[in-house]
Amino acid sequence: MKTDIQETNRTNVLFERIAALIEQSRQFVVNAVNVAEVRTRFEVGRFIFEGEQRGERAYENAVIVATPLPQFVCLVLLSRGLTI
């Protein structure tokens, strides 16, 4: 009987360690996605800013660029075989 309890405890410890590892991995992925999203948005803003500095008409109004941007990005990603 004592061995059954010990075996159950070992199994529980194993499952707890696995669950902790999965949670750590999830947190790592969340942080990586957040960093990638912030960097992407920063770069988009930089592109718009640099265009405005060069006086390009397409960048005069960020709304003109930002409105069709999501559709354009989706088309580019799909044309490259990536999923959204």
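Among the elements of the protein, which helix has the lowest mean pLDDT and which the highest?

## How confident is the model?

Helix 2 (residues 62-66) has the lowest mean pLDDT of the elements, 53, while helix 1 (residues 2-54) has the highest, 86. Here pLDDT is the predictor's confidence in each residue, on a scale from 0 to 100. The protein as a whole averages 77, and 71% of the residues score at least 70.

Keep in mind that this is a predicted model, in which local features need pLDDT of at least 70 and side-chain atom pairs count only at pLDDT 80 or more, although totals for chains, interfaces and linings use all residues. Residues are numbered from 1 along each chain as its sequence is written, and side-chain values use heavy atoms, with hydrogens and water left out.

## The overall fold

Let's walk along the chain. The protein has 3 helices and 0 strands, giving the pattern α-α-α along the sequence. Both kinds of element are DSSP runs numbered from the N terminus: helices are H or I runs of at least four residues, and strands are E runs of at least two.

## What lies at the surface?

How many of the 84 residues count as buried? The share is 5%, where buried means under 20% relative accessible area, exposed means over 50%, and partly exposed is in between (1.4 Å probe, protein chains only). The accessible surface of the protein is about 7600 Å², and carbon and sulfur atoms account for 64% of that. These areas come from the Shrake-Rupley method with a 1.4 Å probe; for residues, only the protein chains shown count as cover.

Now for some side chains. The whole structure contains 3 salt bridges, each a side-chain nitrogen of Lys or Arg within 4 Å of a carboxyl oxygen of Asp or Glu. One of them joins R41 and E37, with 2.8 Å from N to O. Both residues lie in helix 1, 4 residues apart, or about one turn of the helix. R41 is exposed, at 60% relative accessible area, whereas E37 is partly exposed, at 35%.

Another salt bridge pairs R46 with E43 at 2.4 Å, N to O. These two are 3 residues apart in helix 1, so about one helical turn separates them. R46 also meets E50 in a salt bridge of 2.8 Å, N to O, and this pair sits 4 residues apart in helix 1. R46 is partly exposed at 31%, and E50 is partly exposed at 30%. Together, E43, R46 and E50 form a linked network of salt bridges.
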